[in-house]
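Trainee: I am new to this structure. Please show me how to read it, one feature at a time.

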Amino acid sequence: MSAKKDPNVWQGFKAFLMRGNVVDLAVAVVIGAAFSNIVNSMVKGIINPLVGAIGTQNLDNYSTCLSPACKGTHGIQLMWGSVLGATLTFLITATVVYFLMVLPMSKYLARQEARKKAREGTQEVIEVTELEVLKEIRDALVAQRGSGHDER
């Protein structure tokens with residue numbers, strides 16, 4: 001019985017992998033991994049030195065102690081500098097992805113959709129015009145047939 005299910009499971013898995021969404025997701029993960037190196041370099045090379053102008057260059061060094069004595073790893077420390085660094089990295093990544101990938105693709109897809117609707121609208125006008133011509137021909141034939149029957 002398991003021999004029958006194996007090909008179906010394999011075929012289902014193969015169909016799952018061949019879906020467009022899965023392939024798009026795989027491409028996005030690869031591009032995202034490569035892009036994260038660029039963003040991390042930007043944060044370390046540009047953002048951290050700017051922050052370092054008013055304090056330390058490493059955002060991870062910013063923290064707040066909640067206990068009376070914090071020395072080294074002793075005491076309760078809130079490492080808010082790490083959160084700030086991760087937030088800046090996320091915002092930079094989201095900004096670049098939106099303006100360099102999402103926005104241009106949205107505009108491109110909107111233009112494609114507008115062209116498609118324009119083509120469909122033209123086709124409908126042509127079909128309506130042909131329909132009107134056929135109705136006129138029918139009416140003319142009916143009128144001729146009607147006048148011909150009256151003369152007999």
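Trainee: Is Tyr62 buried, partly exposed or exposed?

Mentor: Start with the cut-offs. Buried means under 20% relative accessible area, exposed means over 50%, and partly exposed lies in between, with a 1.4 Å probe and protein chains only. Tyr62 has 19% relative accessibility, so Tyr62 counts as buried.

Trainee: What kind of model is this, and how are residues numbered?

Mentor: This is a predicted model: local features need pLDDT of at least 70, side-chain atom pairs count only at pLDDT 80 or more, and totals for chains, interfaces and linings use all residues. Residues are numbered from 1 along each chain as its sequence is written, and side-chain values use heavy atoms, with hydrogens and water left out.

Trainee: How many helices and strands does the chain have?

Mentor: Helices (H or I, at least four residues) and strands (E, at least two) are DSSP runs, numbered from the N terminus. Here the chain has 3 helices and 2 strands. From the N terminus, the order is α-α-β-β-α.

Trainee: What share of the chain is buried?

Mentor: Of 152 residues, 9% count as buried. The accessible surface is about 12600 Å², and carbon and sulfur atoms hold 65% of that area. Such areas come from the Shrake-Rupley method with a 1.4 Å probe; for residues, only the protein chains shown count as cover.

Trainee: Which residues make up the largest nonpolar core?

Mentor: A nonpolar core is a set of buried Ala, Val, Leu, Ile, Met, Phe, Trp, Tyr and Cys residues joined through side-chain atoms within 4.5 Å. The largest one here has 8 residues: Phe35, Val39, Val43, Ile47, Val51, Leu59, Tyr62 and Ile92. Helix α2 (residues 20-52) gives the largest share of this core, 5 residues.

Trainee: What does Val43 touch beyond its neighbours within four places in sequence?

Mentor: Contact means heavy atoms within 4.5 Å. Val43 is in contact with Asn48, Pro49, Thr89 and Ile92, once those neighbours are set aside.

Trainee: Where is Thr93, and what does Thr93 touch?

Mentor: Thr93 is in helix α3. With 23% relative accessible area, Thr93 is partly exposed. Thr93 touches Phe35 and Val39, not counting residues up to four places away in sequence. The C-alpha atoms of Thr93 and Ile38 are 9.2 Å apart, and the two residues are 55 apart along the chain.

Trainee: How many aromatic pairs are there?

Mentor: A pair of aromatic rings is described by the distance of the centres and the angle of the planes. Rings of Phe, Tyr and Trp (its six-membered ring) pair if their centres lie within 6.5 Å; planes under 30 degrees apart are stacked, over 60 edge-to-face, the rest tilted. The structure holds 3 such pairs. One of them is Trp10 with Phe13: the centres are 6.1 Å apart and the planes at 40°, so the pair is tilted. Trp10 and Phe13 are 3 residues apart in helix α1 (residues 2-18), about one helical turn. Trp10 is exposed at 55%, while Phe13 is partly exposed at 41%.

Trainee: Why is the pair of Tyr62 and Trp80 tilted?

Mentor: Their ring centres are 5.3 Å apart and their planes at 35°, so the pair is tilted. Tyr62 lies in the loop between α2 and β1 (64-65) and Trp80 in helix α3 (residues 80-151), so the pair ties together parts 18 residues apart in sequence. Trp80 is partly exposed, at 41% relative accessible area.
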